[in-house]
Amino acid sequence: MRLRRLFPDHAIVAGERALDGLAPGALAPPERPAVLANMVVSVDGRAAVGGGSRALTVRADRVVFHGLRAQVDAVLAGTATLRAENYGRLVRDADRRAQREARGLAADPLAVVLTRSGDVPDVPLLNDPEQPAVVLTGDDAEPIAALRRLRAEHGVRALLCEGGPTLLRGLLGAGVVDELFVTVSPLLVGGRSPLALLAGAELDPAPALELIWVLEAEGALFLRYRIVREFPA
Ligand SMILES: NC(=O)c1ccc[n+]([C@@H]2O[C@H](COP(=O)([O-])OP(=O)(O)OC[C@H]3O[C@@H](n4cnc5c(N)ncnc54)[C@H](OP(=O)(O)O)[C@@H]3O)[C@@H](O)[C@H]2O)c1
């Protein structure tokens with residue numbers, strides 16, 4: 001699988017090299033992990049089709065999806081996403097686990113669940129003895145407290161949030177997201193109950209985004225943004 005880099009320069013990038021040099025742990029401030037978020041949307045901005053995101057993904061999206069999982073210490077998904085997508089072990093492929101170890105990471109990333117209600121989904125991810133997991137509840141699930149704990153107690157330097165839109169809105173509102181990866185899939189979805197990239201209250205102030213790169217494959221665009229904390233006037 002090859003991707004075309006359209007910005008900041010033009011190049012052909014092999015899929016397995018697309019996320020080389022990311023080193024997200026290096027972005028981490030001292031008190032919390034660096035937080036990357038990864039989402040896929042249709043051209044009309046929908047984040048789900050028929051209650052899930054699977055129908056939105058193209059083959060090349062799996063390259064970014066697995067590539068990001070391969071580079072982080074921990075993966076976080078909202079409770080509704082865990083249920084909707086029936087999450088299982090995060091890195092099932094033995095070669096991918098070996099690649100993680102070769103990078104100096106644990107073979108399996110830590111699965112993180114934040115739940116204020118304590119209603120933990122009964123999904124394969126949380127019943128697999130091979131999958132390390134931590135569930136933070138109540139006040140410990142608030143983003144800043146949770147991230148501090150993940151860094152201090154679990155040594156997490158890089159965390160990947162895979163959504164959904166409600167949890168991502170919560171993390172952005174707390175000002176703790178460092179980078180956003182968005183795949184724009186070449187699809188139109190329509191429908192009457194749109195789930196967009198973010199759900200919940202409007203972000204105020206709205207964070208500005210700095211474009212880092214744009215890749216293209218199979219008509220899908222892969223956008224990587226840095227969240228700029230100095231908000232424009
Ligand atoms: N297109 C994509 O890339 C993508 C990615 C992921 C998911 N999805 C889709 O999105 C849908 C699910 O997303 P969703 O927005 O309904 O739910 P969600 O974001 O997956 O989960 C929301 C839940 O997360 C928990 N949570 C813990 N801390 C939070 C905080 N600080 N802020 C907000 N929530 C917090 C809450 O659970 P408690 O009530 O237990 O406290 C909340 O109800 C599914 O259809 C899924 O397929 C799409």
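**Figure 1. The whole protein.** The protein has five helices and ten strands. Helices (H or I, at least four residues) and strands (E, at least two) are DSSP runs, numbered from the N terminus. The radius of gyration is 17 Å, close to the 17 Å that the globule rule gives for 233 residues, so the protein is as compact as a globular protein of that length. That radius is taken over C-alpha atoms, and the rule is 2.2 Å times the number of residues to the power 0.38. This is a predicted model: local features need pLDDT of at least 70, side-chain atom pairs count only at pLDDT 80 or more, and totals for chains, interfaces and linings use all residues. Residues are numbered from 1 along each chain as its sequence is written. Along the principal axes, the C-alpha atoms fill a box of roughly 45 × 45 × 40 Å. Of the 233 residues, 36% are buried. Buried means that 20 or more other C-beta atoms lie within 10 Å of a residue's own; exposed means 12 or fewer, and partly exposed lies in between, with C-beta atoms placed from the backbone. Among contacts with a separation of 6 or more, 72% join residues 24 or more positions apart. A contact needs C-beta atoms, placed from the backbone, within 7 Å.

**Figure 2. The sheet of ten strands.** This open sheet has the order β2-β1-β9-β10-β8-β3-β7-β4-β5-β6, and its pairing is mixed. Neighbouring strands are turned by 25° against each other on average, direction ignored. Two strands pair if DSSP finds at least two bridges between them. Strands of a sheet pair through backbone hydrogen bonds, either parallel or antiparallel.

**Figure 3. Strand β7 and its partners.** Strand β7 covers residues 158-161 and pairs with β3 in the parallel sense, over four bridges. A34 has A158 as its bridge partner, and V35 has L159. Strand β4 also runs parallel to β7, joined by three bridges. There, L159 is the bridge partner of A74. Both faces of β7 are covered. A158 and L160 are buried on one side, L159 and C161 on the other.

**Figure 4. Helix α1 across the strands.** Helix α1 (residues 59-69) lies across β1 (2-7), β3, β4 (74-76), β7, β8 (179-185), β9 (208-217) and β10 (220-228). The helix runs at about 165° to β3. Axes are lines fitted to C-alpha atoms, for helices over the stretch in contact, and angles run from 0 to 180 degrees between N-to-C directions.

**Figure 5. The shell around the ligand.** The ligand is surrounded by 31 residues. G78, A80, G163, G164 and G170 are the closest. A residue is near a molecule if its C-beta atom, placed from the backbone, lies within 6 Å of it. β3 (34-42), α2 (79-85), β5 (110-115) and α5 (165-173) each supply at least two residues of the shell. Helix α2 gives the most, with five residues. By type, the shell divides into 15 nonpolar, twelve polar and four charged residues. Here Ala, Val, Leu, Ile, Met, Phe, Trp, Tyr, Cys and Pro count as nonpolar, Asp, Glu, Lys and Arg as charged, and the others, Gly among them, as polar.

Figure 6. Seven of the nine residues of α5 are buried, so the helix is mostly covered. The buried ones are P165, L167, L168, R169, G170, L171 and L172. Their cover includes β3, α4 (143-154) and β7. G164 sits in the loop between β7 and α5. The peptide bond from G163 to G164 is cis, with omega near 0°. Just after α5, G175 takes a positive phi of about 70°.

**Figure 7. Backbone exceptions in loops.** Most residues other than glycine have a negative phi, and most peptide bonds are trans. N86 is not a glycine, yet its phi is positive, about 45°. N86 lies in the loop between α2 and α3 (94-102). With 12 other C-beta atoms within 10 Å, N86 is exposed. E218 also has a positive phi, about 55°, and is not a glycine. E218 is in the loop between β9 and β10 and counts as exposed, with 12 C-beta neighbours inside 10 Å. The peptide bond from D204 to P205 is cis, with omega near 5°. P205 is found in the loop between β8 and β9.

Notes:
Contact = placed C-beta atoms within 7 Å.
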